[in-house]
Amino acid sequence: MSFEIRDRDLLARIGKFETKRGIIETPLLLPVINPNVQLIPPRILQEEFGCRALITNAYILKTHFEDEIIEQGLHDFLDFNGVFMTDSGAYQILVYGDVEVTSEEIVRFQEEIDTDIATILDVPTSWTTSKQQAQRTVNETMRKARELAKIKTRDDIAWVGPVQGGQYLDLVAQSASEIGKLPFQIHALGSPTPIMEQYLFDVLVDMILTAKKNLPLERPLHLFGAGHPFMFALAIALGCDLFDSAAYALYAREERYMTEYGTTRFDKLEYFPCSCPLCNKNDPQSVAAMPKIERQKLLAQHNLYTSFSELRRIKQAIMEGRLWEHLELRAHGHPALLKAVKHLKKHSGYLEKQSPVTKKSGLFFFSSLGLTRPEVVRHRERLLERYLPPKEAEVLVLLPQTRKKPFSKSWEHRRALKYIQQNLGDKMGKVHVCTYAAPFGVIPRELEEVYPLSQYELATPLDAEMIEYVAKRISEYIITMNYKKVALLRNIEMWKGKIATACRRACKKKKISFTMLSVDQSWNERMLKDFAAVIQKTLS
Ligand SMILES: [Zn+2]
């Protein structure tokens, strides 16, 4: 059983996981099959929705249909020949207290029914539990995880090792690092219902990343109970590979209509904002006139179409290296999601370390939200840790960004450089021309064409946080490097005077001289000639 990663973006990966019934591609959504109530039968899921994998509950199967299933096998019993994952019934423990099966029975049962991906009977951490109780669930789950090796008799089933700890991140870390040492093929993180119900996605970010940091990255991670397409982009960007959805059916029964950016009550719909086969063929008025069960079936199918199409959109975004842009788009679908994406700032260092370095596409920056992006963090780190300005450079010349990139190819910079060169002649080597630009900060001329410093588009006017970030980067750059002087060409319209203030303070701290002049949008020759003269003066 192997997990082969084909493509990556942020912490997301497109991977192929091998099971005894074939390969599944991640990120993957497994619709939940409740053997007692089937709005859409497994065969239809396979034939019409192309589902390669489903998830069902071993505890419910064992309680209601034990003998029939053992005789027929799970796949015949539920009429599906793709990959089956079984959950153990741990959720039932959480909701109903102790379940009347032992962990040994559940392990044996899953082997007997010939499931493909099986889960040990872990002990979920409830949301309202005390830390002491949460510690107990972590310890109990580990005890059961260690027992597995002694109980199991087959080697062709992939076993899931769940991570517990709930909202106690130190316990999540402990749980993940201990279970990651055992030979499980997949890990899973329980996302307690309150997170989904109360939209605590910032908490979820911390939980997922704590688990990721402590688990072996080469194993897929399943996020339990996160079946709404509007949060797939967030969870996948953080490295979750597998999802289960009971939501498509539960929502349908409550007559709720999923979209990739949220949920709408069916009775509020005048139009179907979707082009799945069902929404194309029907309108809300005709669906309202259907018998209830027909309507619920239709809504369940629509909900699944929506979920699968969002997954495909995310996979395509991963391939194109545009997952961040997609995530920002989804973040603006709900304030709680936006809060979670803002919260990613706290983890920007880890995101940077885990994200692929070279991508295929240019980057779009819409706002200061983009400052968390790995490319921005990476430029800052590399500049401070690995970069040295040319040895003979005494004066740092800072020119404002232009619309055209690389900046040195813009008419504005060419014009400015022409005058600087005219004035300086053979002293040109003593100045080091850099651009200050959002969102990266200082971009030395010789690095301009390094990806992605010329391959991005940015929305202006800049927001206050973006301006402040760039000002800080410039200040940090001046303090770290060893220039003797700084000459700033300022653009007040764009930077509101913040860059000049930052430069002046940094130069004062560093005890070096600072001069500046302004340009407006016209970059007129008079101003540029004056600027060149000022630079020359600093050298004489
Ligand atoms: Zn639809």
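Both Cys276 and His302 are buried, where buried means under 20% relative accessible area, exposed over 50%, and partly exposed in between (1.4 Å probe, protein chains only). This is a predicted model, in which local features need pLDDT of at least 70 and side-chain atom pairs count only at pLDDT 80 or more, while totals for chains, interfaces and linings use all residues. Residues are numbered from 1 along each chain as its sequence is written, and side-chain values use heavy atoms, with hydrogens and water left out.

Turning to charged side chains, the structure holds 38 salt bridges, each a side-chain nitrogen of Lys or Arg within 4 Å of a carboxyl oxygen of Asp or Glu. In one of them, Glu147 pairs with Arg143, and the closest N and O atoms are 2.9 Å apart. How exposed are these two partners? Glu147 counts as partly exposed because its relative accessibility is 21%, and Arg143 is also partly exposed, at 40%. Another salt bridge joins Asp156 to Arg154, with 3.0 Å between the closest N and O atoms. At 30% relative accessibility, Asp156 is partly exposed.
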